[in-house]
Amino acid sequence: MAPSGQTTGTAVQELLRDPASAGTWSLDASRSTVGLRSKSVWGLVSVKGTFQQVSGSVTVSPAGEVSGTITVAAASVETKNKKRDEHLRSADFFDSGKYPDITVRVDRITPDGDGVTVAGSLTVRDQTRPVSFPATVSAASGSEVQLDAELQVERSDYGLTWNQMGMASMSNTLTVHAVLTKS
């Protein structure tokens, strides 16, 4: 196991090959966060929010293959502006009454240079698209791993096209800080 701090791709590969890593790793919702960043008012105002409810797990096979899911409750979005939060939950955006979950499915993690590449899919509303993005891994102990990533998302790819007078950016960033503990 690598010491605490960012883990290189080589160290992640060693971690995945370690028989003790095989099994289910659960997302610690109390220490994990999924955030949302976007620009509004023609790029002049930065909008930030977090999703207050997140869950998930990852499975590491005996061969070191990784798969898993992180699920975010769409209605749990919070930007510190009640009117905006209600609008984000509405049919104009997440339509959280009809589509309660936003899901990142992880199909594989490939170690590389300074971290890993995560490949899988993102589902928002009823639209699922493949995604691949870099992430950093930190190993706090033999039973805890942290993964940090930023995922660039074009919201129009997921049917979120509402844009009054072109004020809101269609490019958004999802930030993920996932703390996984060995079950």
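Select Glu144 and Arg31 to start: their side chains make a polar contact at 2.6 Å. The model is predicted, so every distance on this tour is computed from its atoms.

**Stop 1: Glu144**

Keep Glu144 selected and show its strand, β11, which covers residues 144-154. Is Glu144 buried or exposed? Its relative accessibility is 12%, and because buried means under 20%, Glu144 counts as buried.

**Stop 2: the charged group**

Asp28, Arg31 and Glu144 are linked in a network of salt bridges. One link is between the side chains of Asp28 and Arg31, at 2.9 Å from N to O. The other pair to display is Arg31 with Glu144, a salt bridge of 2.6 Å, N to O. Arg31 sits in the loop between β2 and β3 while Glu144 belongs to strand β11, so this pair ties together parts that are 113 residues apart in sequence. Colour the group by accessibility: Asp28 is buried at 19%, and Arg31 is partly exposed at 37%.

For a salt bridge elsewhere, select Asp107 and Arg105, whose side chains meet at 2.8 Å, N to O. Asp107 is partly exposed at 36% relative accessibility, and Arg105 is partly exposed with a relative accessible area of 39%. The count of salt bridges in the model comes to 4.

**Stop 3: Ser32**

Move to Ser32, in the loop between β2 (23-27) and β3 (33-40). With a relative accessible area of 7%, Ser32 is buried. What does the side chain of Ser32 reach? At 2.8 Å there is the backbone oxygen of Asp28, and at 2.9 Å the backbone nitrogen of Val179. Setting aside neighbours within four places in sequence, select the contacts of Ser32: Leu27, Val54, His177, Ala178 and Val179. Draw a C-alpha to C-alpha distance from Ser32 to Val54; it is 7.6 Å, for two residues 22 apart in sequence.

**Stop 4: β2, β5 and β6**

Display β2 with strand β5 (residues 54-60); the two run antiparallel and are joined by 4 bridges. Select Trp25 and look across to β5, where its bridge partner is Val58. Stay on Val58 and turn to β6, where the bridge partner is Gly68. Strand β6 takes in residues 66-73 and pairs with β5 in the antiparallel sense over 7 bridges. Follow the chain from β5 to β6 through the hairpin, which has 5 residues between the strands; there Gly64 takes a positive phi near 90°.

**Stop 5: the nonpolar core**

Which members of the largest nonpolar core touch the most other members? Select Phe51, Phe94, Ile102, Leu122 and Leu147, out of 40 residues in that core. The largest share of this core, 5 residues, comes from β11. In soluble globular proteins, nonpolar side chains tend to be buried together.

Without residues up to four places away in sequence, Leu122 touches Ile102, Thr103, Val104, Gln127, Thr128, Arg129, Val131, Leu151, Val153, Tyr158 and Leu174.

How values were computed
Residues are numbered from 1 along each chain as its sequence is written. This is a predicted model: local features need pLDDT of at least 70, side-chain atom pairs count only at pLDDT 80 or more; totals for chains, interfaces and linings use all residues. Side-chain values use heavy atoms; hydrogens and water are left out. Buried means under 20% relative accessible area, exposed over 50%, partly exposed in between (1.4 Å probe, protein chains only). A polar contact is a pair of N or O atoms within 3.5 Å; within protein, one must be able to donate a hydrogen and the other to accept it, and residues adjacent in sequence count only if both atoms are side-chain atoms. A nonpolar core is a set of buried Ala, Val, Leu, Ile, Met, Phe, Trp, Tyr and Cys residues joined through side-chain atoms within 4.5 Å. Contact means heavy atoms within 4.5 Å. Two strands pair if DSSP finds at least two bridges between them.
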